Amino acid sequence: MSYPLSRRAFLGVIGVSGLGVSGAALALGACSSNGGGSSGGSADGVAGAAFAAPEVLRSANGRLAVTLRAAPAQLPWGTTTRYALTYNGSSPGPTLVVAPGDELVITLENGLDEPTNLHTHGLHVSPGGDADNVFVMVAPGKSHTYTYAIPRTHRSGTFWYHPHHHGSVAPQVSGGLAGMIVVRDALDDLAAIAAADERVLVLADPRIGRDRGVLDASMMTRMQGRQGDAVLVNGLLQPDLGATTDRLQHWRIVNASASRYHRLALDGHPLHVLGTDGGRLAAPVERAEVLLAPGERVELLIAPTAPGRHVLRARAYDRGSSGMGGGMMGGGSNGRTSDVALATLVVAAGTSAGAALPATVADAATVAPVPAPTATRTLTLAMGMGGGMGGGMSFTIDGRSFDDARTDIRIAAGTVEEWTIRNTSGMDHPFHLHVWAFQVVEPAGVGGWKDTVSVPANGQVRIRIPFTGLTGRTVYHCHILDHEDLGMMGVIEVA
Ligand code: C2O
Ligand code: CU
Ligand code: CU
């Protein structure tokens, strides 16, 4: 897939209030090319660019083999450039499209000056060996080939990949290392869905600057969880998404921000939730807004109502404070975000009547409730004074900071557990478990399969997890990636 690199002439000075984007972002309607003809994420820093999506790489004959080279690059930004970490020169990296039963082979080349690795977030694949093994470390200048066997029974859905090297996940992901993985099956061929305009939206909020200093963050900022200067969709600032009244929009959205929550709403339109982290719902569920915590995905159907411009926004949200520094550190250390425009749906009149929403989008078996648990367990997410890295706070699960040599939870393969995940701190933590998807029992949401769920400040959630299909040793953690780096992660082994 490619898109015209010429951009709509747009002359103006934009100021993104509350986001700290300072100075003029000017473009003179010039072409901006990110070289090599890749369509991926050339962020031009000018609102109103045409929507563009990362390059798509599809499996053929049951296999997709790709090389992803992680390396810094200067990406176009207004009349200048911004420093970013990229896969194959773009941020986000290419979208990988596979099917159940496929073999996915990714050779990761490390062109960074520090260790990195790769994780396939949400895929139900082995966490061992050369598969989705987060304990693998790829040194600078080295490469590693990951081979993932995607089970024939894998649910279709929207997943993503990003680095997972403990201690540097937040700077690497917020620097730009992330891309989407789409698993497609017959559900994508349902007439109403196949006829929709399908779009990938990778949401991220990098810091904007000319050098690698954008990856640095103070201990205070890390405790709160870093937030960037601009909220981008596929690397673009407030792109225009073209649509017509006679076609549904099908959006696959991932929150690839290191810490920022996106409370999504589209002016003048309800959101029809089609799927969550781990696959489809049985039928679309209508919502006025959807809160997407870091790591979470949602698939939406939108029925464009009337010609005009409709803003997709992230509404104001407060994810709480670490209690350290509050708002005293230049605004960077509290969890409040103001209302931000993410993109504009630009709707033109269609030639036929509006497309109807499908009544069902998956069969009941896809989303059957998890059976009653064979065991229960309580996990406690906490932030404490002292004992933490750098003399700051400690970030713990069940009182312990991450230690890759320790196994915190052992599970017998084939069992179903119900976990109560408590949060004793004053800020939200998105809890994420690798490999085994779960359903949220409390609070009741839209239902469906999840791998990441926000545990609200001083609150709790209950989830049910079938530990079926695969065995191995991997991790669970807070997906505010600075918190993961600071130790809010544990090791689980299913055998
Ligand atoms: Cu998206 Cu363990 O991560
Ligand atoms: Cu993950
Ligand atoms: Cu956290």
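Colleague: Where is the place of Pro 443?
Modeller: Pro 443 sits in the loop between β29 (439–442) and β30 (452–455). The peptide bond joining Glu 442 and Pro 443 is cis, with omega about 0°. Bear in mind that this is a predicted model.

Colleague: And Pro 92, which loop is that in?
Modeller: The loop between β3 (80–87) and β4 (95–98). The bond from Ser 91 to Pro 92 is cis, with omega near 0°.

Colleague: How confident is the predictor overall, as an average pLDDT?
Modeller: The protein averages a pLDDT of 89, and 88% of the residues score at least 70. Residues 1–43 have a pLDDT below 50, and that stretch has 88 contacts in the model beyond near neighbours in sequence. Residues 326–332 are also below 50, with 8 contacts counted beyond near neighbours.

Colleague: Which protein donors go with the copper ion, ligand 3?
Modeller: His 429 (ND1), Cys 478 (SG) and His 483 (ND1), at 2.0 to 2.1 Å. Along the chain the donors follow the spacing H-x48-C-x4-H. His 429 in strand β28 and His 483 in helix α4 (residues 481–485) are 54 residues apart, and the pair links distant parts of the chain. Both His 429 and His 483 are buried.

Colleague: What about the largest nonpolar core, how many residues?
Modeller: It has 33 residues, and Trp 419, Phe 431 and Ile 492 have the most contacts inside it. Leaving out residues up to four places away in sequence, Ile 492 touches a list of residues including Ile 409, Trp 419, Leu 433, Trp 436 and Phe 467. A second, separate core of 28 residues includes Val 66, Leu 68, Leu 112 and Val 138.

Colleague: Last topic, backbone. What is phi at Asn 61?
Modeller: Positive, about 50°, although Asn 61 is not a glycine. Asn 61 lies in the loop between β1 (56–58) and β2 (63–77) and is exposed, at 83% relative accessible area.

Colleague: And phi at Asn 234?
Modeller: Also positive, about 55°. Asn 234 is in the loop between β11 (232–233) and β12 (236–237). At 1% relative accessibility, Asn 234 is buried.

How values were computed: Residues are numbered from 1 along each chain as its sequence is written. Chains are lettered from A and ligands numbered from 1 in the order in which they are written. This is a predicted model: local features need pLDDT of at least 70, side-chain atom pairs count only at pLDDT 80 or more; totals for chains, interfaces and linings use all residues. Side-chain values use heavy atoms; hydrogens and water are left out. A nonpolar core is a set of buried Ala, Val, Leu, Ile, Met, Phe, Trp, Tyr and Cys residues joined through side-chain atoms within 4.5 Å. Buried means under 20% relative accessible area, exposed over 50%, partly exposed in between (1.4 Å probe, protein chains only). Contact means heavy atoms within 4.5 Å. Donors are N, O and S atoms within 2.8 Å of the metal (3.2 Å for Na, K and Ca); water is not among the atoms, so sites may look incomplete. Helices (H or I, at least four residues) and strands (E, at least two) are DSSP runs, numbered from the N terminus. pLDDT is the predictor's confidence in each residue, from 0 to 100.
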